[in-house]
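Here is a short briefing to read alongside your structure viewer.

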Amino acid sequence: MSEQKTVWVTGASSGLGLHTAAALKEDGWRVIAGARSFEDGEADGIHRLKLDVTDEESIRRFCEKAQEIALPDALVQCAGMLVLGSCEETGTEEFRRVIDTNYLGMVRVNRAVLPLMRARGRGKIVLFSSINGLLGIPFQSAYTASKHAIEGYAECLAMEVKPFGIQVMLVEPGDHRSGSDKYRPHAAAMSETSPYAAEYERSVARIAHDEHNGSDPDVLGRKIARTLDRKRIPFRKRIASPDQHLAVYIHRLLPAKLNAAILRQYYTRKK
Ligand SMILES: NC(=O)c1ccc[n+]([C@@H]2O[C@H](COP(=O)([O-])OP(=O)(O)OC[C@H]3O[C@@H](n4cnc5c(N)ncnc54)[C@H](OP(=O)(O)O)[C@@H]3O)[C@@H](O)[C@H]2O)c1
């Protein structure tokens, strides 16, 4: 009988992280899940540990406790949030919070986990990017910047860790009906008197509509679990509806100004 494999999952208290952790558990993995809202313990067959990816000490404690349970064969990093707002009115601290959670959070956790994987000469690291890691949309600049950073970082990481038997996979989800509004605050300065108010409102409504009518998060979880079972995992795994696959494809082909016109029209047009 083969030994049970262990996966550590960040941001596993809600949304795609929760669904991915559940699918991995269903698939036979020992799952050690981290999130700020967790108390240390076990629920639904999943080990839960408190984890704040913006706090080095919290990451150190998480890794220490997780190692006592089992070393990671795989790490899945889902922790994330966004701030909605115009580039002009999103504050520096708001940009910092998004980058600190989405991008630097991943960097910190990887730095803590890589020595463990290197020592064993194997490991799989899955980083949650987004379609927004490939193209920008209006009023999501902090999030889009953080996901673009992850895309570039992952390319460097994959090349560096390959000699140690460690594989890296970027997951690029399109809209899924899983995200919680709690992690999508509006920039504090956005108000009805904003010069961007009308287009902002229409864009936010479009973003919310697409997410609420998005793909099934259980299917995404199962796809990741199936992929992680493979000996070799792909570097990129886009999990999106056909029209979002098409948007990425078109984005690559069309001149930048034409792309911008199409996306602007899609997000800001009057009904
Ligand atoms: N939903 C989508 O349509 C979609 C599309 C593309 C990409 N994604 C990506 O998928 C991932 C999950 O997003 P989601 O929208 O599905 O879930 P979500 O409901 O927004 O959940 C976010 C998760 O991140 C955790 N988190 C936030 N800040 C954290 C911190 N400082 N330390 C540790 N954990 C933290 C939250 O847990 P606590 O509050 O308990 O810490 C929660 O479990 C994100 O990386 C997101 O960018 C989602």
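In which sense do strand 1 and strand 5 pair, and over how many bridges? In this predicted model, strand 1 (residues 6-10) and strand 5 (residues 74-77) run parallel as partners, joined by four bridges.

- Look across from W8 and you will find L75 of strand 5 standing opposite.
- The open sheet is built from eight strands, ordered 3-4-2-1-5-6-7-8, and its pairing is mixed.
- Strand 3 (41-43) and strand 8 (236-239) are the edge strands; each has a single partner, so one side of each has no neighbour in the sheet.
- From one strand to the next, the twist averages 20 degrees.

**Helices packed on the sheet**

- Helix 2 (residues 56-69) packs on the sheet, where it touches strand 1, strand 2 (30-35) and strand 4 (46-50).
- The direction of helix 2 makes about 155 degrees with that of strand 4.
- Helix 6 also packs on the sheet, touching strand 5, strand 6 (123-128), strand 7 (166-173) and strand 8.
- Between the directions of helix 6 and strand 8 the angle is about 160 degrees.

**Where helix 1 meets helix 6**

- The axes of helix 1 and helix 6 (residues 217-228) come within 8 Å and cross at roughly 50 degrees.
- Because of that angle, helix 1 is oblique to helix 6.
- The crossing of helix 1 past helix 6 is right-handed.
- On the helix 1 side, the contact is made by L16, H19, T20, A22, A23 and L24.
- Helix 6 contributes P217, D218, L220, G221, R222, I224 and A225 to this contact.
- By class, the residues of the contact of helix 1 with helix 6 are eight nonpolar, three polar and two charged.

**Around the ligand**

- The ligand is surrounded by 32 residues, and the closest are G11, G15, R36, G80 and G179.
- Two elements give two or more residues each to this shell: helix 1 (15-26) and helix 3 (92-120).
- Which element gives the largest share of the shell around the ligand? That is helix 1, with three residues.
- Sorted by class, the shell around the ligand has 17 polar, eleven nonpolar and four charged residues.

As you look again, note that helix 1 takes part in both of the last two topics: helix 1 contacts helix 6, and helix 1 also gives residues to the shell around the ligand.

How values were computed:
Residues numbered from 1 in each chain as written. Predicted model: local features only at pLDDT ≥ 70, side-chain atom pairs only at ≥ 80, totals over all residues. Near = placed C-beta within 6 Å. Nonpolar A, V, L, I, M, F, W, Y, C, P; charged D, E, K, R; others polar. Axes fitted to C-alpha atoms, helices over the stretch in contact; angles between N-to-C directions. Parallel < 35°, antiparallel > 145°, perpendicular 65-115°, else oblique. Left-handed = near helix turned anticlockwise from the far one by under 90°. Contact = placed C-beta atoms within 7 Å. Pairing = 2+ DSSP bridges.
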